[in-house]
Amino acid sequence: MRSKRYIVWWVAPAGILFLCIILVPFITALTFSFRAFSFTDSTATGQFVGMDNYRKLVFDKDFYNAFRVTFLYMVPALILQGGLGLLMALVMSSAVRRARILIPIMLLPTLLTPVVIGLVGTLVLNPDFGVLGMFLYRTGIIKETVLGNAKWALPAVILVDTYQWTPFVAVILAAGLLGLPKEPYEAAEVDGASPLQTFFRVTMPLLWPYFVVAMLIRTIDAFRIFDIIWVMTHGGPGTATEAVAVYAYRHTFRYWDFGYGSALIMVLFVFISIMVEYLYKALQRWQRAGAA
Amino acid sequence: MADVAVTEAGAAVAAAPVERSQRWLRWGSYALTVLMVVIFLFPWLWVFSLGFKTRAQILSPNIVWIWKPTLVNFQRVLIEKGYWLLIVNSLIIAVATVTLCMLIGVPAAYAFSRFPIPGKEGWFYMILTFRMAPAVILALPLYVIFARLRLLGTYVAPILAHCTFTLPFVIWLMRSFFEDIPKEIDAAAMTDGYTRWGAFWHAVLPLVKSGIVAVALFSIIFSWNEFLYGLILTSDQTRPVASQIPSLVRPHGTLWGEVCALSTVASLPVALLIFALQRQLVRGLSFGAVKG
């Protein structure tokens with residue numbers, strides 16, 4: 001009905017911006033990944049070296065360490081955030097008036113700068129005057145600064161990240177809980193189901209699409225985490241908290257090895273797009289469930 | 001309104017006949033609520049208070065509960081060191097980014113919702129992928145591109161960089177809000193004599209007003225919180241506050257009072273926004289799943 005020319009006017013500005021700031025840089029990075037490129041001279045492009053950067057990647061043990069750290073962080077974080085988030089959502093949705101006050105307070109960690117959250121975490125864990133840090137230090141559980149300890153640095157990061165993002169999960173699940181239809185619950189009551197049975201047989205299946213979306217988002221976010229780690233440990237001690245994004249940063253903006261860094265980025269991107277495909281499908285299922 | 005009805009329904013479900021086990025559950029959830037408020041409020045209040053303490057008071061081995069608040073830290077960090085400029089920079093970048101992305105993103109989202117566009121699903125998949133990709137991926141090529149264009153250190157660089165995640169976010173969310181508006185409304189407006197643009201502007205846009213506010217709010221918050229682009233693409237004159245805070249945290253001799261003062265000032269705008277606009281927040285966070 002509408003001519004194609006007309007539609008263009010609506011999307012063109014967005015399309016052009018998208019092209020310039022997303023597609024062009026992306027393709028540029030792709031070309032960089034095939035070159036030996038050290039950004040000491042801003043006009044140089046380095047020479048073409050084919051798959052050298054990727055080959056180097058396969059043999060770099062820090063690369064695998066980065067993935068290991070990321071998974072070591074991701075799994076506990078997801079379990080904590082999913083479990084605690086569900087618990088919090090149940091509490092919030094059981095008394096809506098409470099939710100009105102609770103939600104802004106709980107959202108503070110999620111919506112404040114991750115840098116400040118990391119700062120709060122660092123302060124709380126400080127052995128000299130931090131609430132947790134002092135407790136851990138004086139009872140002898142952890143004898144030095146938590147963040148300087150290779151064993152405890154990552155759990156500290158997991159803790160702070162959970163603190164920041166559990167409310168996010170909780171709010172999504174609470175919104176889901178508040179929107180659930182009444183009929184299944186009435187039916188369950190008529191059938192004489194206990195609260196526990198009602199929860200597992202009625203609530204969970206209905207809530208599942210929300211749960212999947214929230215968990216998928218957090219999974220993908222695990223590969224993005226940077227700010228918190230940076231302000232708390234800079235990826236250290238050593239490489240104990242060097243998740244993939246931090247690792248990529250080290251090679252691009254510390255070593256200025258843009259060729260290698262670009263190859264890293266490309267691999268990361270492939271990883272992320274695979275996961276996003278699942279997220280995309282889950283979101284569509286969620287939209288359909290929400291509309292029902 | 002519909003979401004009031006939903007919340008009433010939730011309250012009704014919660015007010016079901018109270019058996020012994022359910023009363024126990026209620027007390028438990030009440031206690032949990034209090035616990036949650038404490039956990040999510042206490043760290044802020046503590047860090048907030050540290051900004052008002054002197055160095056001696058912060059580092060003292062006994063927790064100073066009552067003291068005379070001092071503004072020394074604020075004065076030193078904001079005025080003497082001139083960091084008030086950082087806050088202004090954050091504001092400039094956030095407002096410019098969101099204005100730009102809303103102006104071109106909202107019509108594009110409308111077009112995606114109303115017009116047949118070839119490869120629509122493919123576009124959305126790409127939009128989502130780039131929204132969820134870590135900043136590091138685009139940071140590298142953007143750095144090179146801006147360096148060559150001599151735009152490093154200006155406001156243009158961080159603003160465009162922030163658009164890389166703001167524009168997809170705006171288009172994604174606004175499209176789902178537009179999808180909630182029945183196409184009959186557009187048709188009715190156009191039979192009344194409005195052009196497509198007129199229908200968009202006069203008939204549809206007013207209906208998604210709260211959605212627009214939510215999206216704009218979140219976009220401002222995300223831009224304000226952003227760390228990586230703000231760090232590498234700016235100079236000391238144009239750096240936003242979130243990107244500067246980590247460099248104030250050093251392995252030894254960090255001026256905690258000043259860092260806390262700066263963090264407090266940096267967090268206050270977002271905190272106030274959250275409290276002032278709670279309802280839009282919940283809608284935006286749950287992707288408009290709570291119909292209303």
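## Chain B: contacts and secondary structure

In chain B, 76% of the contacts with a separation of 6 or more join residues 24 or more positions apart. The model described here is a predicted one. The secondary structure of chain B consists of 15 helices and zero strands. Chain B has 292 residues, of which 43% count as buried.

## Domains of chain B

Chain B is assigned two domains: domain 1 (2-75) and domain 2 (79-285). Where these domains meet, eleven residues of domain 1 of chain B are in contact with nine residues of domain 2 of chain B. On the domain 1 side of this contact, at least two residues each come from helix 2, helix 3 (55-59) and helix 4 (72-80) of chain B. By residue type, the domain 1 side that touches domain 2 holds five nonpolar, four polar and two charged residues.

## Contact between chains A and B

The contact between the two chains draws on 79 residues from chain A and 77 residues from chain B. On the side of chain B that touches chain A, helix 2 (residues 20-50) of chain B is the element that gives the most, with 13 residues. This side of chain B is made up of 62 nonpolar residues, 14 polar residues and one charged residue.

## The largest nonpolar core

The largest nonpolar core has 168 residues. The members that touch the most other members are L173(A), A174(A), F226(A), A243(A), A245(A), V136(B) and A139(B). Helix 7 (residues 153-178) of chain A gives the most to this core, with 17 residues. In chain B, domain 1 (2-75) and domain 2 (79-285) both give residues to the core, so the core lies between them.

Leaving aside residues up to four places away in sequence, L173(A) touches G85(A), L86(A), A89(A), L207(A), Y210(A), F211(A) and A214(A).

## A hardly covered helix in chain A

Helix 8 (residues 183-190) of chain A is hardly covered. Among the eight residues of helix 8, the count of buried residues is zero. Just after helix 8 of chain A comes G192(A), which takes a positive phi of about 75°.

Note on methods:
Residues are numbered from 1 along each chain as its sequence is written. Chains are lettered from A and ligands numbered from 1 in the order in which they are written. This is a predicted model: local features need pLDDT of at least 70, side-chain atom pairs count only at pLDDT 80 or more; totals for chains, interfaces and linings use all residues. Two residues are in contact if their C-beta atoms, placed from the backbone, lie within 7 Å. Helices (H or I, at least four residues) and strands (E, at least two) are DSSP runs, numbered from the N terminus. Ala, Val, Leu, Ile, Met, Phe, Trp, Tyr, Cys and Pro count as nonpolar, Asp, Glu, Lys and Arg as charged, and the others, Gly among them, as polar. A residue is buried if 20 or more other C-beta atoms lie within 10 Å of its own, exposed if 12 or fewer, and partly exposed in between; C-beta atoms are placed from the backbone. A nonpolar core is a set of buried Ala, Val, Leu, Ile, Met, Phe, Trp, Tyr and Cys residues joined through C-beta atoms within 7 Å. Domain bounds come from an automatic or database domain assignment.
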